[in-house]
Amino acid sequence: MINLILSPEKGLKVVLSPFYQELFASLNRGLVMSVGLIIPSALGGVLIGVIAGCLRTYGGAFVRRACDTYAAIFRGTPLVVQLFILYFGLPNIGIYLSPYWAAVTGFMLCSGAYQSEYIRGALLSIKQNQSFGAQALGFSNFQSIVWIIIPQAMRKALPGCGNEIVYLIKYSSLAYVVTFMELTGEGKTIATEYFRFTEVFAIIGLYYLLLVSLAILVLKKIEAAIHVPGFGKS
Amino acid sequence: MGDPILRVENITKSFNGESILKGVNLSLGKGEIKILIGPSGGGKSTLLQCMNCLVTPDSGKFWLEGKPVDITHKQELYDLRQQVGMIFQEFNLFDHLTALDNLTIALRKVKKLSKKAAIARAMIELSQVGLADKINLYPAELSGGQKQRVAIARALAMDPKVLLLDEPTSALDPEVMGEVIDVIRNLAKQGMTMIMATHQVSLIRTLAHEILFMEAGSVVEQGQPDTLLVPGSRSQDFCDKLNFITGERP
């Protein structure tokens with residue numbers, strides 16, 4: 001894997017074997033692509049989740065039913081099926097998505113459906129006395145949801161939403177089935193070319209582990225930043 | 001005497017077919033203090049919650065300073081609530097905000113004050129209830145008495161014309177009850193118009209301009225303490241029982 005070269009001019013030099021040079025170049029390229037998929041998908045998923053979660057909790061009968069149906073469909077069908085429909089199925093009705101946009105759209109919609117469930121659960125867990133307190137001061141229903149209920153619900157939903165982002169990082173590897181060359185896709189190409197599956201996929205696993213660890217670190221920082229002493233315990 | 005500050009007429013409310021309020025009429029003149037007493041389940045809390053429509057009554061008419069209020073009209077309803085402050089048994093402070101922010105958020109979002117003006121106003125009210133040194137603490141870091149004082153300061157910061165107090169001391173242990181009672185007595189001295197449900201006999205006797213005894217959704221006795229708290233009345237009998245439980249001397 002590693003060659004050590006000792007020369008009078010440059011001293012001791014560590015050089016990767018040609019296979020590993022090619023592997024890491026490909027994986028790093030794939031990593032950049034994966035990050036480019038994950039960040040907008042995670043942000044879009046949270047946004048859709050918050051909107052759908054609120055509408056599923058506070059919307060009128062029709063809106064509530066529509067959002068429940070959306071969540072049921074995207075939670076109830078495999079992500080790979082959703083991606084195939086977006087990429088291979090939509091062209092039948094004249095909608096063409098690039099591999100990147102097919103993947104991002106699929107991830108956002110799937111992640112949003114799960115996020116909406118975490119948000120809905122958190123909204124329902126806020127005691128009625130919080131909205132009573134707000135309404136008694138003259139807050140409109142909308143104001144009490146925006147300024148009192150959602151800020152509390154977000155704190156309760158954060159661990160669940162963070163968990164969904166961790167899942168998203170891993171299922172972003174499915175983008176390669178719609179021909180988008182991200183981390184897993186790049187690795188698979190090299191593994192097939194050299195027939196060295198074990199080491200290639202072990203290294204890919206480490207890349208994902210690194211990404212997930214980073215995400216967990218960021219989520220912990222956010223959790224610490226919005227921590228309120230004793231919140232949810234009384 | 002001018003128009004009552006708040007008048008409600010024929011308030012009714014049922015839950016699951018059970019009638020909780022059976023046509024209650026009530027009016028509060030400026031500076032008047034009325035006290036609601038009666039057994040639990042008699043409709044005291046529901047009446048107070050209906051008076052600012054946190055619970056929507058099935059029927060009833062509202063007047064604020066002589067003007068009829070259409071509670072089906074959202075803005076009129078929000079204005080009514082802003083002018084009719086409410087103190088809850090369980091305080092209902094916003095758990096995610098500090099004591100100071102519990103006051104400033106309503107001043108900023110409802111009264112549309114600037115951040116600076118809201119903080120200045122909140123500081124005045126928190127100082128009045130003796131909590132100027134606790135402004136940065138969250139509800140979970142305050143004692144029950146302190147929470148209730150923050151809640152009172154929060155309601156007062158909105159300049160309410162009337163305060164509805166729903167058993168403001170019943171969730172407190174006896175050691176901190178006194179600090180909340182003192183704040184309520186001060187409000188009475190300053191001429192605040194109030195209607196309060198309470199089981200505190202000392203408050204009933206010393207503060208009430210009028211006592212209303214509620215039972216099974218109706219006001220069954222009503223009158224000034226001198227005329228109502230006499231042997232044989234339902235109200236006196238109830239106060240005697242409270243005295244027996246709390247050990248207070250009549």
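## Report on a two-chain model

With 24 C-beta neighbours inside 10 Å, Phe91(B) counts as buried. Burial is decided from C-beta atoms placed from the backbone: a residue is buried if 20 or more others lie within 10 Å of its own, exposed if 12 or fewer, and partly exposed in between. The model is a predicted one, in which local features need pLDDT of at least 70 and side-chain atom pairs count only at pLDDT 80 or more, while totals for chains, interfaces and linings use all residues. Residues are numbered from 1 along each chain as its sequence is written, and chains are lettered from A and ligands numbered from 1 in the order in which they are written.

Phe91(B) belongs to the loop between strand S6 (84-87) and H3 of chain B. Helices (H or I, at least four residues) and strands (E, at least two) are DSSP runs, numbered from the N terminus. Another loop, between strand S7 (162-166) and helix H6 (174-189) of chain B, holds Glu167(B). Glu167(B) has 21 C-beta neighbours inside 10 Å and therefore counts as buried.

Leu48(B), in helix H1 (residues 44-51) of chain B, is buried because 23 C-beta neighbours lie inside 10 Å. Not counting residues up to four places away in sequence, Leu48(B) touches Leu164(B), Asp166(B) and Ala197(B); two residues are in contact if their C-beta atoms, placed from the backbone, lie within 7 Å. A separation of 18 Å divides the C-alpha atoms of Leu48(B) and Met158(B), which are 110 residues apart along the chain.

**Helix H4 of chain B**

The end C-alpha atoms of helix H4 (residues 115-128) of chain B are 20 Å apart, in agreement with the 20 Å that its 14 residues should span at 1.5 Å a residue. The expected span of a helix is 1.5 Å times one less than its number of residues. Buried positions in H4(B) are Ala118(B), Ala122(B), Glu125(B) and Leu126(B). They lie on the same side of H4(B), because they cover an arc of only 95° around the axis; the arc is that of the directions from the helix axis to the C-beta atoms. In general, an α-helix has 3.6 residues a turn, so residues three or four places apart point the same way. The packing partners of the buried residues of H4(B) are helix H3 (99-109) and helix H5 (144-157) of chain B.

**Overall form of the chains**

Chain B contains nine helices and ten strands. Its radius of gyration is 18 Å, which agrees with the value near 18 Å for a compact globule of 250 residues. The radius is taken over C-alpha atoms, and the globule rule is 2.2 Å times the number of residues to the power 0.38. Along the principal axes, the C-alpha atoms of chain B fill a box of roughly 55 × 45 × 40 Å. Of the 250 residues of chain B, 48% are buried.

Chain A has eight helices and two strands, in the sequence pattern β-β-α-α-α-α-α-α-α-α. Chain A is more spread out than a compact globule, because its radius of gyration of 23 Å is well over the 17 Å that the globule rule gives for 234 residues. The box filled by the C-alpha atoms of chain A, taken along the principal axes, is roughly 80 × 50 × 25 Å. In chain A, 34% of the 234 residues count as buried.

H4(A), with 27 residues, reaches 39 Å from its first C-alpha to its last, close to the 39 Å expected at 1.5 Å a residue. Since 19 of those 27 residues are buried, H4(A) is largely enclosed by the rest of the structure.

**Nonpolar cores and the interface**

A nonpolar core is a set of buried Ala, Val, Leu, Ile, Met, Phe, Trp, Tyr and Cys residues joined through C-beta atoms within 7 Å. The largest has 124 residues, of which Ala103(A), Ile35(B), Leu36(B), Ala153(B) and Leu164(B) touch the most other members. Helix H4 (residues 99-125) of chain A gives the largest share of this core, 13 residues. Leaving aside its neighbours within four places in sequence, Ala103(A) is in contact with Leu37(A), Leu83(A), Ala175(A), Val178(A) and Phe180(A).

Between the chains, 22 residues of chain A are in contact with 22 residues of chain B. On the side of chain A that touches chain B, helix H5 (128-136) and helix H6 (141-171) of chain A each supply at least two residues.
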